[in-house]
Amino acid sequence: TIFYTALYHTLIHPNTLNDFNGEYPSMATRETLKTDGTRFTVFSFWDTYRNLHALMSLVYPDQQSNMVKSMLSIYDESGWLPKWELNATETTTMVGDPAGIVLADTYLKGIKDFDIEKAYEAMRKSATQLENNPLRPGIKEYLSNGFLTTKNAGSVSTTQEYNISDYCIALLAKELGKKEDYKLFSKQSTTYRNLYDKNLKLLRPRNPDGSWYEPFDPLAGANFTENIGFIEGNAWQYAFMVSHDTKGLMKLMGGKENFTKQLQKVFDANQFDMANEPDIGYPYLFNYAKGQEWRSQNMVRELVNKYFKNTPDGLPGNDDTGTMSAWLIYSMMGIYPISPGEPFYTITAPMFDKVTIKLDESYYKGTELIITRKGKIDGKINKIKVNGKTHKSYFIDHSDLVNGASLNIDLK
């Protein structure tokens, strides 16, 4: 019941803007334009880039393609990709520059029936235009320092968001053969490291002169309270939000053991916030620490059972246009798109004996993706097989699944 309720929730937004005859109000001018396809609206990208659009790409690639084409139409009409678009109006709500993450993720997953050069041009514009840039406030400081300082609101959080976007530009640049851009944006994507305090093992705001902001309270900012450096969260809830550079963060923290201890602290100290996006992928990060994958399996199962119920208050909080529900769907199926922009999933214990995804053969070679679970319902993963062959990793490429696959997970 909660699985299919969540699926329903994920299909509410983005929703259709155009009338039956294809007419819709254009971005910026609101003049009446016409589409031959579907013009989508309500792009809550700060939330949805993390998992919802990946789910659409996997299960509903035709709709995801139309969403991407809508994003590019918005670029044509307004000169910018959407940030948090609502009814043909840009609200500029939240921080970061997330649209490009969705574009890269979609293309690299094999949905390529849109103008990728235009998409790349739009992504690069938001990452490089120094004046009158609505998508990247503070861009001059970000490019000169490599990070934002306390003179910009949410300096740490925003630096992290820009880093993830830059990484996705680098991924797409590599795919398109743009070697210099690949080098440039790859380098830019890890500048959050300048905000890492090795004593606290946390990210921390810096002042414009480069000094650490004082007095610093790592707990400040939780539950939407005001703080310096972070948006809708605190230093613990943002400590690991570098999905594209988890291995780099592990090295910063001094290796696998320190990384695991610090990550476990987030949960033990009750700092994990299931109701908000910055730390939504944290339960899966133990999969990066070999031998600690069981922690992810236990944590995901525990969070599903604790926060998602068939009751009036059966969600952890605002569903954020389907993001919380997408998290649940993936978590119950046993896979999760842990690094937005990169076409792979990490694996956990499925909560169903069998899940069948009918694949859209217009986009994918396979007809079905079948995920099965055997063994104890509350057990730990003992063996993973793909198409009958042992799979030794807790990560699997998108292409391996959509070519038609059976993913078998044995628990003991």
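What covers the buried residues of helix 5? The cover includes helix 2 (45-48), helix 3 (52-59), helix 4, helix 6 (116-128) and helix 8 (155-175). Helices (H or I, at least four residues) and strands (E, at least two) are DSSP runs, numbered from the N terminus.

This is a predicted model, in which local features need pLDDT of at least 70 and side-chain atom pairs count only at pLDDT 80 or more, while totals for chains, interfaces and linings use all residues. Residues are numbered from 1 along each chain as its sequence is written, and side-chain values use heavy atoms, with hydrogens and water left out.

**Helix 5**

Select Ala-99, Gly-100, Ile-101, Val-102, Leu-103, Ala-104, Asp-105, Thr-106 and Tyr-107, which are buried. Buried means under 20% relative accessible area, exposed over 50%, and partly exposed in between (1.4 Å probe, protein chains only). Because 9 of the 10 residues of helix 5 are buried, this helix is largely enclosed by the rest of the structure. Gly-110, with a positive phi near 105°, follows helix 5.

**Helix 4 against helix 5**

Show the side chains of Gln-64, Val-68, Met-71 and Leu-72 on helix 4, which make the contact with Ala-99, Val-102, Leu-103 and Thr-106 of helix 5. Contact means heavy atoms within 4.5 Å.

**Strands 12 and 13**

Move to strand 12 (residues 354-358), where the side chains alternate. Strand 12 pairs with strand 13 (residues 368-375) in the antiparallel sense over 5 bridges; two strands pair if DSSP finds at least two bridges between them. Leu-369 in strand 13 is the bridge partner of Ile-357.

**Backbone stops**

Select His-13 and Pro-14, joined by a cis peptide bond with omega about -10°. Pro-14 lies in the loop between helix 1 (2-10) and strand 1 (15-16). Another cis peptide bond, also with omega about -10°, joins Glu-214 and Pro-215.

Finish at Met-94, in the loop between strand 7 (89-90) and helix 5. Its phi is near 70°, a positive value in a residue other than glycine.
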